[in-house]
Amino acid sequence: MTALLLLPLLLPFIAPALAERTARRLAPAPAVWVLTLAALALAGGSVIALGALVVTGLLKLPLFASLGELAHPLRTPWDAVAVPSAAAAVGLIAVGAWALIRSAVRQARTLRAAHAEVRRRPVAGDLCVVDSPYPDAYALPGRPGRIVITTAMIRSLDAAEREVLFAHERAHNAYRHHLFLAAAELAAHCHPALRAVRDATRYTAERAADEAAAAAVGDRRLTARAIARAALASGAHHPERPAVAPAATTGPVPRRVAALLAAPAPHRRRAAPWVAVLLAACATTSVCASATGAIGFHHKIEVAQGEVAH
Amino acid sequence: MTNAKDERRPAGELEASVLAVLWAAGTPLTPAEVQAALPHDPARTTVTTTLARLYDKGIAGRLRQGRGYAYFPVQDAPGLTALRMHSELERDADRETVLARFVARLSPDDEQFLRDLLEPEDR
């Protein structure tokens, strides 16, 4: 049982490597699903495991043991460390919950501000133009979804490149990518190792929208050029921004551009599902282990309560 | 990229494209000029209808020019609100999650990679 409850806490640590490979090899649209569901399952598993650790620790304390109506002391294989590990689990849960609440509040505020801006402006079709000297564009989720673009971004791109941008943002809204990103964000606050899975989810959502845009305009090279030009235009206005990536690595935008310039390779697709299957297996194991562990733990509590025979 | 394909485009998408063309131009455009600027080559009548609709909604203004009109985008309240929104949104590191942005931030190496990529096309 100890191992069953430790497994969900350890499995997320191998998830980043699998998520990174899934993002690179699986077609982006299914990859968004696989990564999001895996992140949620791994997050659920680790939260259940942490919860079990906390309850165990509490039931070791006389006060909570009497509240829990325990007739006998709770028998666990990790008696010596039950209270310290429960304290650690409480700490982890508190830190995660605090970060989650802060992030949720901030994002709700951002969304409200963006929606308020769009309400005050005329909308042509699904497009809202903001007269601003900063090149910027984003998909604003809602019913219906909107595309917000600044005049500076409009002028940075030619007409064909703008169509790419519109198709990209429409894909985000049509596939409701913001829900996947919110789910991945939630998971990232449940276990620190799942932050890398969230980043992989963000990247595949962008890739899925890129591919949808390339299909809509019928030109991968044009799509790549539009992304590159938009990125350079946004960058020119932030000379003070710190370098986010070390010299040897490439950031998400060049990877997206390179992926569009490389023709979709069928031989890589065949190998891809194995990574995705491995990630799904990892997530399933986490859920099963935590569920089995929790059921076993519940049984031990009932034994301690004297309700069932040992 | 044919007229047939364009017929299937929802009217809202064409409205968006036409408004973007008006903003990009900086000077009032006639329906013929708007049509020429659109990459997907819609029918002239479709463009004229769309411009009339933008005018009716108050999104575009128009001036008499020859026998027809030239259209321009209506500027909204001063750029102040835009500046405020930009700073508001820029402050939040978590913004990417709720507002899927077209492009993320670049490192200097990323910029060089993209410049090298665009260079042959810009020549």
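In which helix of chain B is the place of Thr50(B)? Thr50(B) lies in helix H4 of chain B, the subject of the opening views of this predicted model.

The model is predicted, with local features requiring pLDDT of at least 70 and side-chain atom pairs pLDDT 80 or more, whereas totals for chains, interfaces and linings use all residues. Residues are numbered from 1 along each chain as its sequence is written, chains are lettered from A and ligands numbered from 1 in the order in which they are written, and side-chain values use heavy atoms, without hydrogens and water.

**View 1. Helix H4 of chain B and its buried face.** H4(B) covers residues 44–56, and its 13 residues reach 18 Å from first to last C-alpha, close to the expected 18 Å (1.5 Å times one less than the number of residues). Helices are DSSP runs of H or I with at least four residues, strands are runs of E with at least two, and both are numbered from the N terminus. Val47(B), Thr50(B), Leu51(B) and Leu54(B) are buried (under 20% relative accessible area; exposed is over 50%, partly exposed in between, with a 1.4 Å probe and protein chains only). Because these buried residues fall within an arc of 100° seen down the axis of H4(B), they line one face of the helix; the arc is taken from the directions from the helix axis to the C-beta atoms. Thr45(B) and Asp56(B), on the other side, are exposed. Just after the helix, Gly58(B) adopts a positive phi of about 80°.

**View 2. Packing around Thr50(B).** The buried residues of H4(B) pack against helices H2 (11–25) and H3 (31–37) and strands S1 (60–65) and S2 (68–73) of chain B. Thr50(B) counts as buried at 2% relative accessibility. Leaving aside neighbours within four places in sequence, Thr50(B) is in contact (heavy atoms within 4.5 Å) with Leu14(B), Glu15(B) and Val18(B).

**View 3. Arg155(A) and its contacts in chain B.** Arg155(A) is placed in helix H6 (residues 151–156) of chain A and is partly exposed, with a relative accessible area of 46%. Not counting residues up to four places away in sequence, Arg155(A) touches Trp23(B) and Ala24(B). Arg155(A) and Phe13(A) are 142 residues apart in sequence and 44 Å apart in space, C-alpha to C-alpha.

**View 4. Leu61(A) in chain A.** Leu61(A) occupies the loop between helix H3 (28–60) and H4 of chain A. With a relative accessible area of 34%, Leu61(A) is partly exposed.
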